[in-house]
Amino acid sequence: MLLDPVRLHVFTDFDGTITTIDTLNFLATRLGAGTEAFRESERQLREGRLTEREAAAILRAEVPIDPDFAPFARWCAANGVPLTVLSGGFEEIIALYVTPEEFPGLQVCANRLRPGTWECCFRDDSSHGHDKAAALHAARTRGRQTVMIGDGMSDEAPAAVADLVFARRGRPLVAHCRRRGIPCHEYGSFRDVLQGLSARLGRA
């Protein structure tokens, strides 16, 4: 399908899409799992044995982002294309990777952690705590052409709504789209996504 850059709105998942692996899975396996592990990490932070800066450094070192995401985000900004991160994870983690200084204009819609705790503050009552499809429905109501970039289960509902879907190669979203007859384009990195969008905008 041909895309109109004036009407385009790009939505992207975070964990396993912008990042190479899921940050929450990494935190659970590397720093422990379950309630007691969260309490222990909280104690380490409170007692000064683990600083937030150190925790962030561990996370960023072990879970890098797709190196082609930053050029993709710059392309969106240069072309006036809104770019929104939709995540079932947490804004506090996403903020370690995508700062307003580095990614001006990037909108992040995710769950939150209650300050000073590991208690989740979900955006809504949906199964993932964040109904990503609602954002695409709203954009389409405003006359936008929507693009969804994702990889996993929480991206299934928005993929069914999007005008164009990019699903990370080898991840569950690809199989889901195939089963449901949802057209999708497999990609390996955001460079592939950028090339796919550029081609549909008639740009090299």
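**Exercise 1.** In this predicted model, find which residues of helix 8 (residues 172-180) are buried, and work out why they line one face of the helix.

*Solution.* Start with the list: the buried residues of helix 8 are Leu-173, Val-174, His-176 and Cys-177. Next, look down the axis of helix 8: the buried residues fall within an arc of 165°, so they line one face of the helix.

**Exercise 2.** Which elements do the buried residues of helix 8 pack against, and what follows the helix?

*Solution.* Take the strands of the packing list: they are strand 5 (145-150), strand 6 (164-168) and strand 7 (185-187). Now step past the end of helix 8: Gly-181 follows, and its phi is positive, near 70°.

**Exercise 3.** Decide whether Gly-196 is buried or exposed, and say how far it lies from His-185.

*Solution.* First place the residue: Gly-196 is part of helix 9 (residues 190-200). Its relative accessibility is 10%, and buried means under 20%, so Gly-196 counts as buried. Finally, compare sequence and space: Gly-196 and His-185 are eleven residues apart in sequence, with 8.5 Å from C-alpha to C-alpha.

**Exercise 4.** How many helices and strands does the protein chain have, and what share of its residues is buried?

*Solution.* Count the elements: the protein chain has nine helices and seven strands. Then turn to burial: of its 204 residues, 43% are buried.

Conventions
Residues are numbered from 1 along each chain as its sequence is written. This is a predicted model: local features need pLDDT of at least 70, side-chain atom pairs count only at pLDDT 80 or more; totals for chains, interfaces and linings use all residues. Side-chain values use heavy atoms; hydrogens and water are left out. Buried means under 20% relative accessible area, exposed over 50%, partly exposed in between (1.4 Å probe, protein chains only). Helices (H or I, at least four residues) and strands (E, at least two) are DSSP runs, numbered from the N terminus. The arc is that of the directions from the helix axis to the C-beta atoms. Contact means heavy atoms within 4.5 Å.
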